[in-house]
Amino acid sequence: MTSATDLTTVRLGTRPSRMAMEQTGRFADVFRARYPQVLLDIVEIVSEGDRHRGPLSAIGGKGAFTRNADRYLLDGRVQATIACAKDVPGPHDRSPGIVIAAVLPREDTRDVLVLPAGHPATTLAELPPGTRVGTSAPRRSALLKALHPTLVQVPIRGNADSRLRALDEGKLGADVMIAALAGLRRLGREDRVSEILDPAVWLPAAGAGTVIVEHRSDDPATGGLLAPLTHAPTRILLDAERPRSPRCTAGA
């Protein structure tokens, strides 16, 4: 059986968006610092969710962002995949045989209000009735309906860069939008934040701000290599917020 010390290359699958590549690059720096003798090969995988521009519910919800990567992982084209935990379905919605190998230190969990460039800063509570608020997340839509019923939720798609550009050009179909603070920070666009939403009222997503690396459960060598990169306090929080998925014990 191959052990972690025998591996010379790990192929890591990631979505090709700017945000995904930024978080992959940060993980790659940590991996290469610990394992300078192991080649980390980054493989870009375009998801169904990246291609589809309609409602995610039409193609299976947020699983649309993981299904293609899962295929790459299960058929051996990559040995590991990296993603935001909040974008990963629970174990009951995944193909069997995939487990979390590493959990990276948690970033900010809060959502924010984003306005078109040049618009004076305001808050959700100050927006006039009928303002169209863009989001594709069911959680955000439910919170908006419950907390600000005079505002209108508008479904939007695309990565963070394209959403910001469309918002500024008046092509988003929404007057303002809700985004993740951690994501804007990764893109260096925290300046676009008009209001940071209070997490005591505007509940963050389970796993928000957390990046995970997964592997096949029948590949303990890769799991053993990745497990030491886990940030234990964040793993505890992730287990508390999401249905527990099997762990890989190094050398198992």
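In which sense do strand S5 (residues 111-114) and S9 pair, and over how many bridges? They run antiparallel, and three bridges join them. Within that pairing, Val-114 sits opposite Val-193 in S9. Keep in mind that this is a predicted model.

S5 and S9 belong to an open sheet of five strands, laid out as S7-S6-S8-S5-S9 with mixed pairing. At the edges are strand S7 (152-154) and strand S9 (193-196); each has a single partner strand, so one side of each has no neighbour in the sheet. On average, neighbouring strands here are turned by 35° against each other, direction ignored.

There's also an open sheet of five strands in the order S2-S1-S3-S10-S4, and its pairing is mixed too. Strand S2 (39-44) and strand S4 (98-103) take the edge places, each with a single partner strand, so one side of each is left open in the sheet. Its neighbouring strands are turned by 35° against each other on average, direction ignored. Inside it, strand S1 (residues 9-14) pairs with strand S3 (residues 80-84) in the parallel sense over two bridges, and Leu-12 faces Ala-80 in S3.

Now for some helices that pack on these sheets:

| Helix | Strands touched | Angle between directions |
|---|---|---|
| H3 (residues 67-74) | S2, S3, S4 and S10 (211-216) | about 40° with S10 |
| H8 (residues 232-241) | S4 and S10 | about 140° with S4 |
| H5 (residues 160-168) | S5 and S8 (176-180) | about 160° with S8 |

Key:
Residues are numbered from 1 along each chain as its sequence is written. This is a predicted model: local features need pLDDT of at least 70, side-chain atom pairs count only at pLDDT 80 or more; totals for chains, interfaces and linings use all residues. Side-chain values use heavy atoms; hydrogens and water are left out. Two strands pair if DSSP finds at least two bridges between them. Helices (H or I, at least four residues) and strands (E, at least two) are DSSP runs, numbered from the N terminus. Axes are lines fitted to C-alpha atoms, for helices over the stretch in contact, and angles run from 0 to 180 degrees between N-to-C directions. Contact means heavy atoms within 4.5 Å.
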